[in-house]
Amino acid sequence: MEGSSLNLTLKIWRQKNAQDSGKFATYNVSDISTDMSFLEMIDVLNEQLITKGEEPVAFDHDCREGICGMCSMYINGRAHGPWNGTTTCQLHMRAFKNGETITIEPWRAGAFPVIKDLVVNRSAFDRIIAAGGFVSVNTGNAQDANALPIPKDDADASFAAAACIGCGACVASCKNSSAMLFVSAKVSQLALLPQGQPERIDRVLNMVKQMDEEGFGNCTNTGSCEAECPKEISLDNIARLNREYLFATLKK
Amino acid sequence: MTKFLTSSLGKKTVMAMTGLFLCIFLLEHLYTNVQLFFGDGGKSFDEASHGMVHSIIIRIIEVVLFFSIIVHVYQAVVLTKNNSDARPVKYAVNGVSKTSSWFSRNMLLTGSIILFFIVVHLYNFFLPYRITGEVVEPEAQGEHLAERVAAALTNPYYAALYLISVLFLAFHLNHGFQSAFQTLGANTKKYVPILKMAGTAFAILMGIGFASFPILFFIFGEEFLNWNL
């Protein structure tokens, strides 16, 4: 199928650095192929800006195949744009209409400070992982895959939670800037497996403590996170996190 | 335990538990109110109310009830403030309405209307019956509770306030009921659809149930107390 081309108006958040208060700037791009990804469209804009001697728009991107979770953009009021289950690099320009104005903002959350333009600092997530989102293992050869029997349902649920790429869309789209979906996925993927058991109680207590210290909001079960998650992480995980935390508190 | 109660998840657990307790109270209140329809001039209703006032168990539960309301409201205000502070710079364009329900995003609004109504409601019924003695016990001479209720509900302003509050109560419950189970970790794939349905059914039942009082009394007048249905 032959794609068509679009002329678009872009309203993009420009902010020099963390201290700058920032403002929107309006740009026009033309002849954008509907087959382009959203990031390629920004590349075209940046080529224009560089040619004119202006500062290109800073944005995070890495793999451009939907698995790194870097491309944090709030597009027309939606994390990673209007499509469900996609990152910005997998959002294609056919999602937009000719002549449309597209508003592009960085993730907005106190815990994710803007570094520049559309780039935010998601180190808060790293600190939550460092607080307990791992399994301590001794070095040596990996044991035989079938040595530890794991029920298929648990393995599947763990794998589904492990699909979380830590992009922060859950925080960005939550009306409370809550990181519960992220933390719940990271707690769940290990809580469901035998390898995660020895540190299960401390893990959930420490990760939730770190989450609270980072200044994320509280979950009110609106479900926006699940709707916006590019990896479609389920709200089930948040219920599991609540359960884990309650039991961990009772045990410790 | 202190650590738990001051954590984000602990605060939510408190919201869920007090919320569910208040749901049980609603059921009890509806059960008592239905006795207004017995057509005995409010005798059953008056006696049921009288029985509760003189039951030590109910009196203890009453203290827990007031405590629950205060904690639920206080925690709601604290959490909403925290949540708002967690995003110092707001979005210029926010499509949050496409990914979440109106009910889930407006719990503070719907809750505030309910709280306002509770205060008015206590002023109208609890205060004259339990504190000032303006409304008397069933065996005594004077204005009885059922008569006070009938008089209030035939007042167009009070009936309208009652009706609006009940509507917002239903909105609040529609999200709150299933949300409480999610917070307590009771939601799993198997139960999510059931709990969501149960939450909406509970909201509708409470909405229609409580709305029936102002509607019927307003239409049929105070005489409705004596109607044998």
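Modeller: A nonpolar core here is a set of buried Ala, Val, Leu, Ile, Met, Phe, Trp, Tyr and Cys residues joined through C-beta atoms within 7 Å. Please keep in mind that this is a predicted model.

Biologist: How many residues has the largest nonpolar core, and which have the most contacts inside it?

Modeller: The largest nonpolar core has 72 residues, and Cys170(A), Val171(A), Leu181(A), Phe182(A) and Val183(A) are those with the most contacts inside it. Helix H5 (residues 180–191) of chain A supplies the largest share of this core, eight residues.

Biologist: Where does this core lie relative to domain 1 and domain 2 of chain A?

Modeller: The core lies between them, because domain 1 (5–105) and domain 2 (123–251) of chain A both give residues to it.

Biologist: What is Phe182(A) in contact with, leaving aside its neighbours within four places in sequence?

Modeller: With those neighbours set aside, Phe182(A) contacts Phe125(A), Cys164(A), Gly166(A), Cys170(A) and Val171(A). There is also a second, separate core of 33 residues, which includes Phe45(B), Ala48(B), Leu169(B) and Phe177(B).

Biologist: Back to the domains: what separates their centres in chain A?

Modeller: The centres of domain 1 and domain 2 of chain A, taken over C-alpha atoms, are separated by 30 Å. In contact are 13 residues of domain 1 of chain A and 11 residues of domain 2 of chain A.

Biologist: And how many residues of chain A are in contact with chain B?

Modeller: There are 39 residues of chain A in contact with 36 residues of chain B. On the side of chain A that touches chain B, the largest share, nine residues, comes from H8(A). That side divides into 13 nonpolar, 17 polar and nine charged residues.

How values were computed
Residues numbered from 1 in each chain as written. Chains lettered and ligands numbered in written order. Predicted model: local features only at pLDDT ≥ 70, side-chain atom pairs only at ≥ 80, totals over all residues. Contact = placed C-beta atoms within 7 Å. Helix = DSSP H or I, 4+ residues; strand = E, 2+ residues; numbered from the N terminus. Nonpolar A, V, L, I, M, F, W, Y, C, P; charged D, E, K, R; others polar. Domains from an automatic or database assignment. Buried ≥ 20, exposed ≤ 12 C-beta atoms within 10 Å, placed from the backbone.
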